[in-house]
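Thank you all for coming. I would like to walk you through one protein, going from the whole chain down to single residues.

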Amino acid sequence: AVCSMGNSTSRLYSVLAKTLSSGAVSQHQDCLEQLDSAQLDPIDPKDLLEECQIVLQKRPPRFQRNFVNLKKNTASTHRPIRVMQWNILAQALGEGKDNFVQCPMEALKWEERKCLILEEILAYKPDILCLQEVDHYFDTFEPLLSRLGYQCTFFPKPWSPCLDVEHNNGPDGCAMFFLKERFELINSANIRLTAMKLKTNQVAIAQTLKCHETGRLFCIAVTHLKARTGWERFRSAQGCDLLQNLKNITQGAKIPLIVCGDFNAEPTEEVYREFSNSSLNLNSAYKLLSPDGQSEPPYTTWKIRPSGECRHTLDYIWYSQHALNVNSALGLLTEEQIGPNRLPSFNYPSDHLSLVCDFSFNQDPDRLL
């Protein structure tokens, strides 16, 4: 691979092209070691978006989704904090284990699929980005997003199923990114979740941040609970462990909290009720899109496997309803947009939809506790 770069745009393209290769992480790190400091300058998100669109020019355009305004009459005195939650689908699992029978293998090529993922992120410009199933952290997301101004954290699963796939790119895990210009990191915890006192293969990251504009502290967490039917009690135990960790970190809800995750659990499951009824006073942001504000969306993932069609609500953004307001939330894709072959597809890179919310601090949080 060629690591020498010319002007800023060609420098960017070389980095993007390098991350597009499916080579090992070490090859990418070798390349980075050859770059001088000038070649690791910040990059303009517009330039990166343009490069992604060049790679994607033979694919159909990305779906249009609109934000739904949920803001009540309460005036906010600061810029909202945009949080994005997304299970991006691990590349090794998409190609090697998930058996999306209606999705052509051509649509799963990393060289193009990664550009679809980046395009989605760049389109919504989150202040905080929470991802699951990240198996290209070191060769793609960390080098690119750090140059976009994000501070990056990754916590892999101890026994990632990606490692069972031939030509894998290492373990998948949870990743968190926040804009350094907006927040200061106060504390960070990598949590290996337990169930029935046993350490499990599922993880979480919890970070306490200070908002530069307001001086307010808040905690943001990302997790990915155990998958599959039959593991409901296990997920419930993992959820209890995560909640206990978050109670300690937030000093019993004194610090506002946002929890993003693929819980692998429908709203009917016990782990969902645990979060709903927690002493942390959490609400699920996407319920606010329903007419009565009490119902989750009909789906956040929709795929077709050999066993049949799977349409479930598994992904959530929980928030401290006494301390935070949800100003707006990104509407989901319609069934018509998703199409008969479901997800992933040439249009959309993952089998899970991204969730995006704009939050603001309540001006008098203690009154509602």
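Of the 369 residues of this protein, 57% count as buried, where buried means under 20% relative accessible area, exposed over 50% and partly exposed in between, with a 1.4 Å probe and protein chains only. Please keep in mind that this is a predicted model, in which local features need pLDDT of at least 70 and side-chain atom pairs count only at pLDDT 80 or more, while totals for chains, interfaces and linings use all residues. Residues are numbered from 1 along each chain as its sequence is written, and side-chain values use heavy atoms, with hydrogens and water left out.

The protein has nine helices and 15 strands, which are DSSP runs numbered from the N terminus, helices being H or I of at least four residues and strands E of at least two. If we take the contacts with a separation of 6 or more, 78% of them are between residues 24 or more positions apart, a contact being heavy atoms within 4.5 Å.

Let us turn to the inside. The largest nonpolar core has 70 residues, and by nonpolar core I mean a set of buried Ala, Val, Leu, Ile, Met, Phe, Trp, Tyr and Cys residues joined through side-chain atoms within 4.5 Å. Helix H5, residues 110–124, gives this core its largest share, eight residues. Ile258 is among the residues that touch the most other members, and beyond four places in sequence its contacts include Val83, Trp318 and Phe359. There is also a second, separate core of 25 residues, which includes Leu257 and Val259.

Which residues of helix H3 are buried? In H3, residues 45–55, they are Leu48, Glu51 and Cys52. These three lie on the same side of H3 because they cover an arc of only 100° around the axis, the arc being that of the directions from the helix axis to the C-beta atoms. In general, an α-helix has 3.6 residues a turn, so residues three or four places apart point the same way.

Finally, consider Gln85, which sits in strand S2, residues 81–87. Is Gln85 buried or exposed? Gln85 counts as buried because its relative accessibility is 0%. Its side chain reaches the backbone nitrogen of Gly261 at 3.2 Å, and, leaving aside neighbours within four places in sequence, Gln85 is in contact with residues including Cys130, Asp262 and Tyr316.

Technical notes. A polar contact is a pair of N or O atoms within 3.5 Å; within protein, one must be able to donate a hydrogen and the other to accept it, and residues adjacent in sequence count only if both atoms are side-chain atoms.
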